[in-house]
Amino acid sequence: MNNIIEIKNLTKKYGKNRGVEDITLNIEKGEVYGFIGPNGAGKSTLIRTLLGLQKQTSGTATIFGEDIKDFSTKIADRVGYLPSEVYYYDGMKVKNLLKYSASFYDRDCSQRIIDLAKRLDLDLNRKIGDLSYGNKKKVGIVQALLHSPDLLILDEPTGGLDPLMQQTFFDILAEENERGVTIFLSSHILTEVQKVCNQVAIIKEGKIIEVNNVKEMSEDNYKKCSFELEADHDASEFANARGVTNFKQEGNDVSFIFKGDINYLISIIAKYQIKDLSIAEPSLEEIFMHFYK
Amino acid sequence: MNIFNFEFKRNLTNTIIWTVAIIMIGLFYTAMGPVFLDQSDLLYDFMVGMGEDFLKGLGINFDTFFTPVGFYAYIGGFIGLALGIQATIYGIKAFVIEKNNHSVEFLYTKPASRTKLFFAKFCASGSLLFITQVFVISSLYVFTDLINDVDYDHSLMLGLLITYIPLQFLFYTLGTLIGVSANRLKNVVSVSLMIGFVMFFMNMLGGIIEIKAFDYLSFFNYYNLGDISLTGEYDLNFVALSLGLIGLFSICSLIIYNKKDLKVI
């Protein structure tokens, strides 16, 4: 079995309100899979449904080949989950919460807790209620990783972490991935998805609108074009051209995102006298905006 | 067992406080018994003036009131009220506390089925209530024996005290049902007080105006201490009804706990 997560036509509705619709997705073993979309697009809904926190309206999904309908202890035993908002028992000390968390697993997690806490600079003797948001997030990271899961499901994982700690966290993720852990990560911070993921799915209004390899998505399909016209021409022909989005013209400066046959693009540009031309790989953020405009 | 231990330890201090408080209230009321018995002639004249309906509402029966058991049948209702409120709070709190502080995601994503979680929580709070019952019942039984010089039916006294066990579990399972059904409930104490007092006053009103429905709506009437002290036996219909309701509330709670979606924060 190569697919760790298999989702087929999964729909979750809240009464008449949309959650996610007709999601089909496969995540293979060892992949770092990014799931991007703005707030309210349905990222957390999908994750919460996968985790059995809510029942799907229709469709099926399996994790490690097990149906999520009966999110069995067998699945949960191999999954580490970090929610976007971390809430624990405020009156407890960090070490007691982590001990309680570890008590659910049939293995000794004590050394792993100490190691992770050390790397994340987390004080185990403090009360949860006294921690800042960032430190609570660190507790969340440790409790998601302490049992050495085979699948990590991370919902907006870096919120509240400072840049140095984010780097440490990404290093930990890379190490986990090296030892074969599959990672499913949702985010609206596109640079972090670009940094750590090799596959990406874009969700818009509850539906998956694009699934691609991160590298291919930015290298092969999309081009970020900008050029400076020699004279004050109207370049609005580009706005209507096939494969062009995010068209902007400010004076002689023209920019847009292009997806398609590069020869077609060159044939249109050739109609104009231009001073300068740049065709580059767009950032994931620019691709993302392309889908949302 | 880890969930049971966690839940048990989390509520142990509260249980000690509740148990001590209820015992203190019980001892205070029980201590008044010998005084009432000594002054029975004086009190009889005074109470007759209150009117039959009023006395009925208070659950006072002159045939038994001036005996240790009869007096306890009267004051025991207040102890039952306190125990009922405690049980309702425990039932609701066990299942809304994580929803209130949003930590339920932590629990639900652990390798423990919802059924296992339910039973661990249900049994932990239930065990703590049982501890309260053992201490309250034994304290009041011993204390009543110590302070009364007159002879009385000890087994009947124990029979009255033992009714607290099903009474508490009725309130506990009702609280559990509310706890699993609510998405969030911040005012656990207020809701529990309301349930306890409404049922208590319904029982009193039922005694005065004799509305049959009130007999069924108030758990306090299922184990009417006045009637038990008078007849020396339980009303088996109500015993069956109370056990049926405990079972029904528990099963419904388990089903809802298993089926319910976790509300999005």
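Among contacts in chain A between residues at least 6 apart in sequence, 71% join residues at least 24 apart. The model is a predicted one. Chain A contains 10 helices and 14 strands, and its C-alpha atoms fill a box of roughly 70 × 40 × 35 Å along the principal axes. Of the 293 residues in chain A, 41% are buried.

The largest nonpolar core has 131 residues, and the members that touch the most others are A:V142, A:I153, A:I183 and A:L185. Helix α5 of chain B (residues 68-100) supplies the largest share of this core, 17 residues. Leaving aside residues up to four places away in sequence, A:I153 touches A:I47, A:L50, A:L51, A:V79, A:Y81 and A:F184. Another core lies apart from the largest one; it has 8 residues, including A:C225, A:V254, A:F256 and A:F258.

Two packed helices are described by the angle between their axes and the distance between the axes. For helix α7 (residues 114-147) and helix α14 (residues 236-259), both of chain B, the axes come within 9 Å and cross at roughly 135°. Because of that angle, α7(B) counts as oblique to α14(B). The crossing of the two helices is right-handed. On the α7(B) side the contact is made by B:R114, B:T115 and B:F118, and on the α14(B) side by B:L254, B:Y257 and B:N258. Sorted by class, the residues of this contact are 3 nonpolar, 2 polar and 1 charged.

Most residues other than glycine have a negative phi. A:F64, which is not a glycine, has a positive phi near 50°. A:F64 sits in the loop between β4 (58-63) and β5 (66-67) of chain A.

B:H102 is not a glycine either, yet its phi is positive, about 65°. The loop that holds B:H102 runs between α5 and α6 (104-108) of chain B. B:H102 counts as partly exposed because it has 16 C-beta neighbours inside 10 Å.

Key. Residues numbered from 1 in each chain as written. Chains lettered and ligands numbered in written order. Predicted model: local features only at pLDDT ≥ 70, side-chain atom pairs only at ≥ 80, totals over all residues. Axes fitted to C-alpha atoms, helices over the stretch in contact; angles between N-to-C directions. Helix = DSSP H or I, 4+ residues; strand = E, 2+ residues; numbered from the N terminus. Parallel < 35°, antiparallel > 145°, perpendicular 65-115°, else oblique. Left-handed = near helix turned anticlockwise from the far one by under 90°. Contact = placed C-beta atoms within 7 Å. Nonpolar A, V, L, I, M, F, W, Y, C, P; charged D, E, K, R; others polar. Buried ≥ 20, exposed ≤ 12 C-beta atoms within 10 Å, placed from the backbone. Core = buried A, V, L, I, M, F, W, Y, C linked by C-beta atoms within 7 Å.
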